Amino acid sequence: MNGEMQTSGTPIVHIGVGHFARGHWFDLIQQMGMEVTGVQVNSAGDRDKLQVNDFDYDLIVKKPGTEPAIERIAALKDILVAKEDRAKVVRTLADPSTQL
């Protein structure tokens with residue numbers, strides 16, 4: 001790596017890892033077979049809670065005509081906190097593997 005710090009390498013970086021993203025976007029990203037790195041501006045709370053399970057979490061999904069089901073969401077691979085390491089966030093956004 002020649003002294004350079006590694007970035008996430010995921011094709012999607014999502015700024016703001018709130019309830020909406022975890023309840024909708026990351027499920028959709030997983031259905032597309034892709035992975036995402038999240039970025040929080042100030043708070044490490046969500047990262048600290050989710051990293052215990054490698055950022056995987058359960059989501060209750062209700063699709064038309066079906067009973068609610070629990071789906072394991074594993075598309076989220078990391079949450080970076082800009083307040084802690086702004087340079088890593090910038091490197092991740094600028095990484096050639098980042099597409100969106």
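Predicted model: local features only at pLDDT ≥ 70, side-chain atom pairs only at ≥ 80, totals over all residues.
Residues are numbered from 1 along each chain as its sequence is written, and side-chain values use heavy atoms, with hydrogens and water left out.

Now for the overall layout. The protein chain has three helices and five strands; helices (H or I, at least four residues) and strands (E, at least two) are DSSP runs, numbered from the N terminus. Read from the N terminus, the elements follow the order β-α-β-α-β-β-β-α. Along the principal axes, the C-alpha atoms fill a box of roughly 55 × 25 × 20 Å. Of the 100 residues, 36% count as buried. The chain exposes about 6,400 Å², and carbon and sulfur atoms supply 55% of that area; accessible areas come from the Shrake-Rupley method with a 1.4 Å probe, and for residues only the protein chains shown count as cover. Among contacts between residues at least 6 apart in sequence, 62% join residues at least 24 apart, with contact meaning heavy atoms within 4.5 Å.

Next, have a look at the sheet. Three strands form an open sheet in the order β1-β2-β5, with parallel pairing; two strands pair if DSSP finds at least two bridges between them. β1 (12-15) and β5 (76-81) stand at the edges with a single partner strand each, so one side of each is left without a neighbour in the sheet. From one strand to the next, the twist averages 25°. Angles run from 0 to 180 degrees between N-to-C directions, and axes are lines fitted to C-alpha atoms, for helices over the stretch in contact.

β1 and β2 (residues 36-40) run parallel and are joined by four bridges. Ile 12 stands opposite Val 36 in β2, and Val 13 stands opposite Thr 37 in β2. Helix α1 (residues 19-31) touches β1, β2 and β5, and its direction makes about 170° with that of β1. Helix α3 (residues 86-94) also touches β1, β2 and β5, its direction making about 135° with that of β5.

How enclosed is β2? Five of the five residues of β2 are buried, so the strand is largely enclosed by the rest of the structure. In a regular strand the side chains alternate between the two faces of the sheet. Here, Val 36, Gly 38 and Gln 40 point one way from β2, while Thr 37 and Val 39 point the other way, and all are buried.

Val 41 lies in the loop between β2 and α2 (45-50), and at 51% relative accessibility Val 41 counts as exposed. Leaving aside neighbours within four places in sequence, Val 41 is in contact with Val 81, Ala 82 and Lys 83. Val 41 and Gly 16 are 25 residues apart in sequence and 7.5 Å apart in space, C-alpha to C-alpha.

That brings us to the charged side chains. The count comes to six salt bridges, a salt bridge being a side-chain nitrogen of Lys or Arg within 4 Å of a carboxyl oxygen of Asp or Glu. Asp 46 forms one with Arg 22, the closest N and O atoms being 3.6 Å apart. This pair links helix α2, which holds Asp 46, to helix α1, which holds Arg 22, across 24 residues. Both Asp 46 and Arg 22 are buried.

Our opening residue, Arg 47, forms a salt bridge with Glu 84, with the closest N and O atoms 2.5 Å apart. Glu 84 lies in the loop between β5 and α3 and Arg 47 in helix α2, so the pair ties together parts that are 37 residues apart in sequence. Arg 47, Asp 48 and Glu 84 are linked in a network of salt bridges.

Notes: Buried < 20%, exposed > 50% of the residue type's maximum accessible area, 1.4 Å probe, protein only.
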